[in-house]
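Reader: Please show me the structure first. Then I will ask about it.

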Amino acid sequence: MLGYVVKRLLLAVPTLFAVLTIVFVLARVLPGDPAQTILGDQATQEALENMRHRLGVDKPIAAQYAEFLVDAVRGKWGTSLVTGKPVVDEVRNVLPYTIELTVTAIIVGALIGVPLGTWSAIYRNRWIDYLARMGSLLGLSFPAFVSAILLLLAFAIELRWFPVISAGGLDDPVERLRNLALPAINLGIIMAAYVTRVTRSSMLEVLGEDYIRTARAKGVPRRAIVWRHALRNALIPVVTVVGLYLGILIGNSVLTEIVFNRPGLGKLMVSALNQRDYTVLQGMMVVYAFVIVIVNLLTDLTYGFIDPRVKRQ
Amino acid sequence: MSAITLGRGEGHLLAQVVRAFSANATSWIGLALFLAIVALALLAPVISPYDPLDQDVLTRLAPPSADHWLGTDSYGRDILSRLLWGARLSLVISTVSILAAMLIGGVIGIVSGYVGGRFDLVVMQAMDVLLSFPSLIMGLMVVAMLGASMVNLMIAIALTAIAPFARIARAPTIVVKERDYIEACRALGFSDLRIMAVHILPNIIAEIIVMGSLWLATAIRIEASLSFIGLGVRPPTATWGGMIREGFENILDSAWLSVFPSLAILLVVFSLNMIGDGLRDAIDPKLRSGE
């Protein structure tokens, strides 16, 4: 196992460089002159020179690239043009919120999706199956901000069960949970839609296996067959899908944070966007590059833990 | 592997598609819904009751009524008309970008699979890196850096969809290129280009088209999401995501502003998912549900 972990960790290094390279191309090569973008058409030549120097874009592109990579790895992600604060501090302030949100969403998604997918498979082609399948297809069709707005309207504005703005009251655990509830439910139900579908198809496959027939022939109670024998094996592909889904979850959390006005990585990036804070924007792209690589690494590792065949390859 | 199942499918491409459709009623319902929406979008200049950009201060934020079926926004513009015109934009952006992704991704996948060896390895590694970017994050980065415009939105969406199409095109190419008839083509001295275009492409195109319908749904979602964030086609042009963004400011007293475009997006994406889901069930026997 240790060998597998080390190998995965080493493989993550080239991936990180590749992802950072894409970010560099997007942030530095494609946009032309960022100084011009920041200062506008009216800027004097001198101001432009100063800004270019400050951003480090007056050097040759190869030097910029090397500097960019070194800074990214060392956590020097630039300082905000608006607030003057280092990006790394801003990220550190909001990161717990985003992690809290995504982890809760995964739990909500699994708690809804796994039982629903299992029932759907057991009662295949009965009304509960159709309902679950249509429901999950509908869930897949929601852009995260659409479902967020509908939840906000129903439960925060009409019923007033939850706060409209999900920030503040952070020291009080009850208040914090109330703030977390709607955003986490929003991400959770969309995720549940994915989990339901994968659990269903994986369960259907497992239920057709020989060892299930054997268990049935032995007279093992139906309930025990489904929940003990079948589900355990059916969950392996589900975990993979959860891993693949993390990427979508990262994107959806950006939209959720905006609708519920909740602090987090996504909110930070979008406010940088609205304030045209070029350095924070570029820093956030680096942050997301790291997030992507870490998420992929975690998925690979979990896969290795669950499915012993992967390790031996 | 569904690709192979479909590759073996006898008969004309159209017959394959019709057969795939018939296996599942869901895809027909989805198709009917989607075509209805496309028709409404095409007819927007004829049927929309008002000009989508016409402002009328006297009827600002009017709730749904006989004059304005879906109400008006904070500039007094007719919501229904803006929805209809917004549908055109949404459909054009997503269709063009997915077609581009199908073309570029398809070519990359076929060439990479056909050439094989180290070239294949490097290309697919690059595709994996692209694939590891969540599509919304990738779209956000591209549009944020290039600026919000229709063309840049298309580039952003196409970029996120190229890698999946490359992978889906590569897998069956590797299987098909080992077949005897491809060997025969080579023996006859056909050029690689001709073999790829005439003898491999027809075997894998159905698979790519099915995937296209699912990615069209994703493209519409991404376009709407970027517009909602403020990275869509610039106002006052009507975009669904932009309408929700504007309506969101008045959500406490005029909820319909954001609810109607929300439902519109949901309906389109749902109909496309129904099409794609039914087709996927039909071509993947493992998932087949209604025997």
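What follows is a set of questions and answers on this predicted model.

Reader: Which elements of chain A have the lowest and the highest mean pLDDT?

Author: This is a predicted model, and chain A averages a pLDDT of 84. In chain A, 95% of the residues score at least 70. By element, the lowest mean pLDDT is 60, for helix α13 (residues 308-312) of chain A, and the highest is 90, for helix α5 (residues 87-122) of chain A.

Reader: How many helices and how many strands does chain B have?

Author: Read chain B from the N terminus. The elements run α-α-α-α-α-α-α-α-α-α-α-α. The count is 12 helices and zero strands.

Reader: What share of the contacts in chain B with a separation of 6 or more joins residues 24 or more positions apart?

Author: Chain B has 291 residues, and 49% of them count as buried. Burial here takes 20 or more other C-beta atoms within 10 Å. For contacts with a separation of 6 or more, the share from residues 24 or more positions apart is 72%.

Reader: Which helix gives the largest share of the side of chain B that touches chain A?

Author: The contact takes 38 residues from chain A and 36 residues from chain B. On the chain B side, α6 (117-132), α7 (135-146), α10 (192-229), α11 (240-248) and α12 (256-283) each supply at least two residues. The largest share is nine residues, and it comes from α12(B).

Reader: At what angle do helices α9 and α10 of chain A pack?

Author: Two packed helices are described by the angle between their axes and the distance between the axes. For α9 (residues 210-218) and α10 (residues 222-259) of chain A, the axes are 11 Å apart. α9(A) passes α10(A) in a right-handed crossing. The angle is about 145 degrees.

Reader: Which residues of α10(A) does α9(A) meet?

Author: From α9(A) come I212(A), A215(A) and R216(A). The residues of this contact divide into four nonpolar, one polar and one charged. On the α10(A) side, the partners are I225(A), H229(A) and A230(A).

Reader: Where is the cis peptide bond that involves P236(B)?

Author: P236(B) is found in the loop between α10 and α11 of chain B. The omega of the bond is about 10 degrees. The cis bond joins P235(B) and P236(B).

Reader: Is R160(A) buried or exposed?

Author: R160(A) lies in the loop between α7 (144-158) and α8 (173-207) of chain A. Its phi is positive, about 60 degrees, although R160(A) is not a glycine. The cut-off for exposed is 12 or fewer C-beta neighbours. R160(A) has 9 inside 10 Å, so it counts as exposed.

Notes
Residues are numbered from 1 along each chain as its sequence is written. Chains are lettered from A and ligands numbered from 1 in the order in which they are written. This is a predicted model: local features need pLDDT of at least 70, side-chain atom pairs count only at pLDDT 80 or more; totals for chains, interfaces and linings use all residues. Axes are lines fitted to C-alpha atoms, for helices over the stretch in contact, and angles run from 0 to 180 degrees between N-to-C directions. Helices (H or I, at least four residues) and strands (E, at least two) are DSSP runs, numbered from the N terminus. A crossing is left-handed if the near helix is turned anticlockwise from the far one by less than a right angle, and right-handed if clockwise. Two residues are in contact if their C-beta atoms, placed from the backbone, lie within 7 Å. Ala, Val, Leu, Ile, Met, Phe, Trp, Tyr, Cys and Pro count as nonpolar, Asp, Glu, Lys and Arg as charged, and the others, Gly among them, as polar. pLDDT is the predictor's confidence in each residue, from 0 to 100.
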